[in-house]
Amino acid sequence: MVFSTFQFLITSLLAVLCALTVSASQEEVALLALLIPVIWVFPQRVIGGIVLIAAMSAYGMTLAYQPISLSISQWILFPLLMVVFSRRSSFGVLVTVSLIVVTLQIGVMITQAGGKLAGEPMMTLVQALSVIVIWWAVQGWPSSDKHCWWALGLILPLWVAGYGDSVVVALCLTGMVACIQSMAQLKTFNWRKLLCWTLPTVGFATLIVAPWFDVPNPVFVLWVCLLGAAWMTDYVLRSFDEETEL
């Protein structure tokens, strides 16, 4: 348990380092930096790996057109999707939460179309859909020792090309994946669920507290509302489940 807690802290720190690197970087994050950790775990699930590569590629190609804060805020959909598709959820909950998500995303897209927020509305839609597909692709992902270690060699071209920040991002993401898979093998505690809540929250919170980074108000509202919707939905479902057991 002590070692697992240490891994959890390391994973959270890697998320913080990744967010700090992206926020302070003067260069665009290379698409290859996002694909390296996916290729690294590819042998464990071929079909899911193909879907994951496609979704991550779509997400990565939008980064150049979007504020980095908006791109990172979309990952808060992970805990929301986890709650909505949990065993305690229902069709009514799915519809209600879906309407909330769609309304918030449309609000951001309208703000972008009106020129009050940087980025492209279509890219926002692609990012949200990509994150949803990524969440679906990693569900039930097996924990295995089979890895494409040669994928880490792809870091060298990034370094030679001068993408030092992208190298840090690739290493952080790969380290996070390795820690998550290691903790997922433990049956004493549901680390995956805790990490699903923690990593997107820690990553965006890092941008908020970074003194050199300014998070636009519409993006902050989107993130807070999505996080609040996930937390409230989980709380209501847990309360209802406890009442049913009584």
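Is Arg88 buried or exposed, judged by its relative accessible area? Arg88 is buried, since its relative accessible area is 19% and the cut-off for buried is under 20%. Please keep in mind throughout that this is a predicted model.

1. The salt bridge of Arg88. The partner of Arg88 is Asp234, and the closest N and O atoms of this salt bridge are 3.0 Å apart. The pair ties together distant parts of the chain, for Asp234 belongs to helix α11 whereas Arg88 sits in the loop between α5 and α6, and 146 residues separate the two. Asp234 counts as buried as well, because its relative accessible area is 10%.

2. A second bridge to Asp234. The side chain of Asp234 also meets that of Arg238 in a salt bridge, with an N to O distance of 3.1 Å. Arg238 and Asp234 are four residues apart in helix α11, so about one helical turn lies between them. Arg238, with a relative accessibility of 37%, counts as partly exposed, because the class between the cut-offs runs from 20% to 50%.

3. The network as a whole. How many salt bridges does a search of the whole structure find? The search finds two. Through shared partners, the salt bridges join Arg88, Asp234 and Arg238 into one network.

4. Helix α5, which covers residues 77-84, packs against helix α6, residues 91-113, at an angle of about 160°, and their axes are 10 Å apart. The two helices are therefore roughly antiparallel to each other, given that angles over 145 degrees are placed in that class. The crossing of α5 and α6 is left-handed.

5. The pairing of α1 with α10. Helix α1 (residues 2-24) and α10 have axes that come within 9 Å and cross at roughly 30°. That angle makes α1 roughly parallel to α10, because the class takes in angles under 35 degrees. The crossing in which α1 passes α10 is right-handed.

6. Phe8 is located in helix α1 and is buried, with a relative accessible area of 14%. Although Phe8 and Leu199 are 191 residues apart in sequence, their C-alpha atoms are 9.9 Å apart in space. Thr206 has its place in helix α10 and, at 7% relative accessibility, also counts as buried. Between Thr206 and Leu17, which are 189 residues apart along the chain, the C-alpha separation is 8.8 Å.

7. The nonpolar patch. Which residues form a nonpolar patch on the surface? They are Ile208, Val209, Phe220, Val221 and Val224, and together they have about 410 Å² of accessible area. Helices α10 (191-209) and α11 (217-245) each supply at least two residues of this patch, and α11 gives the most, with three residues.

8. A pair involving α3. Ala58 is part of helix α3, residues 46-62, and is partly exposed, with a relative accessible area of 22%. Along the sequence Ala58 and Gln127 are 69 residues apart, while in space the distance from C-alpha to C-alpha is 7.5 Å.

9. A pair involving α8. Leu158 is found in helix α8, residues 155-160, and counts as buried at 6% relative accessibility. Leu158 and Leu207 are separated by 49 residues in sequence and by 24 Å in space, C-alpha to C-alpha.

Technical notes. Residues are numbered from 1 along each chain as its sequence is written. This is a predicted model: local features need pLDDT of at least 70, side-chain atom pairs count only at pLDDT 80 or more; totals for chains, interfaces and linings use all residues. Side-chain values use heavy atoms; hydrogens and water are left out. Patches are made of residues with over 30% relative accessible area and no salt bridge: like charges are joined within 9 Å, nonpolar side chains (Val, Leu, Ile, Met, Phe, Trp, Tyr) within 5 Å. Accessible areas come from the Shrake-Rupley method with a 1.4 Å probe; for residues, only the protein chains shown count as cover. A salt bridge is a side-chain nitrogen of Lys or Arg within 4 Å of a carboxyl oxygen of Asp or Glu. Axes are lines fitted to C-alpha atoms, for helices over the stretch in contact, and angles run from 0 to 180 degrees between N-to-C directions. Angles under 35 degrees count as roughly parallel, over 145 as roughly antiparallel, 65 to 115 as roughly perpendicular and the rest as oblique. A crossing is left-handed if the near helix is turned anticlockwise from the far one by less than a right angle, and right-handed if clockwise. Buried means under 20% relative accessible area, exposed over 50%, partly exposed in between (1.4 Å probe, protein chains only).
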